[in-house]
Amino acid sequence: MRRRLSLSPWLSLAPALALVVVLVGASLAYGVAQSLGLMAVIGQNTVSLDAYRSLLSGHGPAGREFWSALGFSLWVSVTATIVSAALALLLAVGLASRPGGGAADTLALNWNLAVPHLVWAVALLLFLAQSGLLARLAAAGGLIELPAEFPVLVRDRYGLGLILHYVSKETPFLALIVLAMLRSQPTGYAQVAANLGANRWQRLRYVTLPFVMPGLLAGALLVFAFVFSAYEVPAVLGVGYPRMLSVLALRFFTDPDLRARADGMAVSLILTAIVLAVAAASLKRGGAK
Amino acid sequence: MKRWHSLIAPALLVLAACSSSATPSPAATTAAPTTAPAAGDFDLDQWDSVLAAARGQTVNWYVWGGSDSINRFIDTFYGPALQERYGITLNRVPVADTVDAVNQVLSEKQAGTDPGAVDLIWINGENFYTLKQADLLFPAWAQKLPNSRYVNWDNPALNLDFGHPVDNYESPWSSAQLQLVYDSARLEAAELPRSYTTLLEWACAHPGRFTYIAPGPGGFLGTRFVKGALYDLSGGSAAWLTFDQATWDTWSPALWAYLNELKPCLWRGGETYPQDEAELRSLLANQEVDFSLTNDITGAGTAIENGLLPATARAFVFDQNMIGDFNYVAIPANAPHKAAALVLADLLLEPEFQAAQIVPANGFGLGYAIDVNRVTDEAAVAALLAAATQLGEAATPASDLARALVGDTAAEYHTLVEQDWRVYVLQGE
């Protein structure tokens, strides 16, 4: 057996931490500076809160869309998180109670993790768009007259395509977490509960759920933070209006008018603040339990 | 230890880049991808000195990379010619949007990086204005190129770029004009709408069969389509060449009224719009709509060559107010290989390449930057004539194009159209 390293964990973490702190810290500092209107290259050297003010008051090109983008982002990420957490729970409980098949189940769920979000989004688009594969098959099979009569499932105003994407991608991810916890659970608890007369529902409610909840909550938080701030999927599967906050942020960051950068950066920072706030709240809740 | 280094090194680089924004330091230049002889070892008035300085250089050309056929055209035509004739290596850097190249130059300026990474940018309009405004362009060169003699610099459509004087900061590459594309197997030429008014009638008689590209980044043709409607409603382009807020306030309500009248008749009821030319073209190819938009002088020809549209696709224009313009190349002030960039900009104006760019099979599809009447060399004249005959029936007849041609608006209107379109048409406030 190797001798255990006696170095403090912080020292061994130092290289990784330094990298993260420097990279994230530097870009964060730049972001804050630009969101405050500091743009030396066009001679703007005074700090102002104009970008935040116009966003929060709903004025200006970015501000006009800010609240609807925030609402849309929340709608998509909250719905996708809740639905995929619920489905993951059902799936994992179902799989865990299945005799045998453990390795095969895990493999089936793992396979999903290897598909990048962008690839999956494009696949959904090719499959579900009105000129997509399903629409063509339906038209060829005589179910609908023209491919264009196919229901609008992606690039729709209500974010259904986005939610569908994230649910199909995050359910297996969360199911893996729950499944891992369930498999580490001694079967004894459920058997004792059954002996004491608990039915199937009671066993799920009072034995299984409390056991997997911390893991599921942590996983759901990860999913929420990711969905809320991810750019590529809404860029592929979203529409021009409403847009998610991440899309709005990049749009104004790349505006030819350099003064619009402050708006883009302010949107990004607000987005970051919301994710951090949600993380802090759930950590606190988790800690209180 | 080795691993530790590989982690820390990038972090230090970032630190170096950050610190230099406050006080530009020579250390920052270590971050530059290429170092090269600085500007100054050539004299723009002595073209031979430019050629000599350029020999052996690699020119980093930042080009909008969204069209495979244009990328191929650049690699096949300019790459070998630069190498064989001038000993210059062409490094085409594809960007998703020209603004990315602009941002690169701006970031380099912020980080104090000189020489930078960009030698030449395919540019026009607002992006040109951004760089010119920030004083980040290499000045006073365009009319010093030997082939600049073929360019008609007196043409206001050419010496003004979205209303902003070109002022020798950029040299033209090609020209373009907005046109519509339809499939002649599905529609008769006689029933085509020939004005914005008849387009509205046509669209509402065929609900869901027309749409246009959302004006905005990447949706340049959509912006142009909307500006054409603005010209139509206000009685022409003359009022729009210089910016006046009052003119905008007078006419923009009528524009939004027109587009909102059109909206319920559009594809998907105007709930969403295609984001770029490729998306609209595939809607046409999929028979979801009956028209698409293009800027190509070859009309539908390039798309047909690439198998994106059926061979029966044809281009046409309204009788008036179809915006056309020139596009350019510009050299950033911190370009590492200015001499090579100059040689490339000159090569773009060479009559043989100007002729090649309008041939549909070559995949470029945009029009001449030069005035063909200024070309006297017999072989070049023959090449230009031969190219013109290859345009074929998928292109809009030159006389139709010329009759409908109007210049673009001042750049300020461009932003107003894009921003307000979102508010008054897309969101329908």
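**Salt bridges, interface and cores of the predicted model**

Over all chains, a search of the whole structure finds 20 salt bridges, a salt bridge being a side-chain nitrogen of Lys or Arg within 4 Å of a carboxyl oxygen of Asp or Glu. The model is predicted, so local features need pLDDT of at least 70 and side-chain atom pairs count only at pLDDT 80 or more, whereas totals for chains, interfaces and linings use all residues. Residues are numbered from 1 along each chain as its sequence is written, chains are lettered from A and ligands numbered from 1 in the order in which they are written, and side-chain values use heavy atoms, with hydrogens and water left out.

Within chain B, B:R209 and B:D290 form a salt bridge with an N to O distance of 3.0 Å. B:R209 lies in the loop between α7 (196-205) and α8 (220-234) of chain B and B:D290 in the loop between α10 (277-285) and β8 (292-294) of chain B, so the pair ties together parts that are 81 residues apart in sequence. Helices (H or I, at least four residues) and strands (E, at least two) are DSSP runs, numbered from the N terminus. B:D290 is buried, at 9% relative accessibility; buried means under 20% relative accessible area, exposed over 50%, and partly exposed in between (1.4 Å probe, protein chains only).

A further salt bridge joins B:R403 to B:D319 (3.7 Å, N to O). Because B:R403 belongs to helix α15 (residues 398-404) of chain B and B:D319 to the loop between β9 and β10 of chain B, this pair ties together parts that are 84 residues apart in sequence. B:R403 is exposed, with a relative accessible area of 52%, while B:D319 is partly exposed at 39%. B:R403 also meets B:D400 in a salt bridge of 3.8 Å, N to O. B:R403 and B:D400 are 3 residues apart in helix α15 of chain B, and therefore separated by about one helical turn. B:D400 is buried, with a relative accessible area of 18%. Salt bridges that share partners join B:D183, B:R186, B:R209 and B:D290 into one network.

The loop between β9 (313-316) and β10 (322-330) of chain B also holds B:N321, which is buried at a relative accessible area of 6%. The side chain of B:N321 makes a polar contact of 2.8 Å with that of B:D232. A polar contact is a pair of N or O atoms within 3.5 Å; within protein, one must be able to donate a hydrogen and the other to accept it, and residues adjacent in sequence count only if both atoms are side-chain atoms.

Between the chains, 34 residues of chain B are in contact (heavy atoms within 4.5 Å) with 32 residues of chain A. The two chains bury about 3000 Å² between them, 57% of it on carbon and sulfur atoms; buried area is the accessible area (1.4 Å probe) that two parts lose on being put together, summed over both. Chain A and chain B share 2 salt bridges, and B:E279 forms a salt bridge with A:R155, the closest N and O atoms being 3.0 Å apart. α1(B) supplies the largest share of the side of chain B that touches chain A, 9 residues.

The largest nonpolar core has 61 residues, and B:F210, B:Y212, B:L259 and B:W421 have the most contacts inside it. Such a core is a set of buried Ala, Val, Leu, Ile, Met, Phe, Trp, Tyr and Cys residues joined through side-chain atoms within 4.5 Å. Apart from this core lies another, of 60 residues, including B:V59 and B:Y86.
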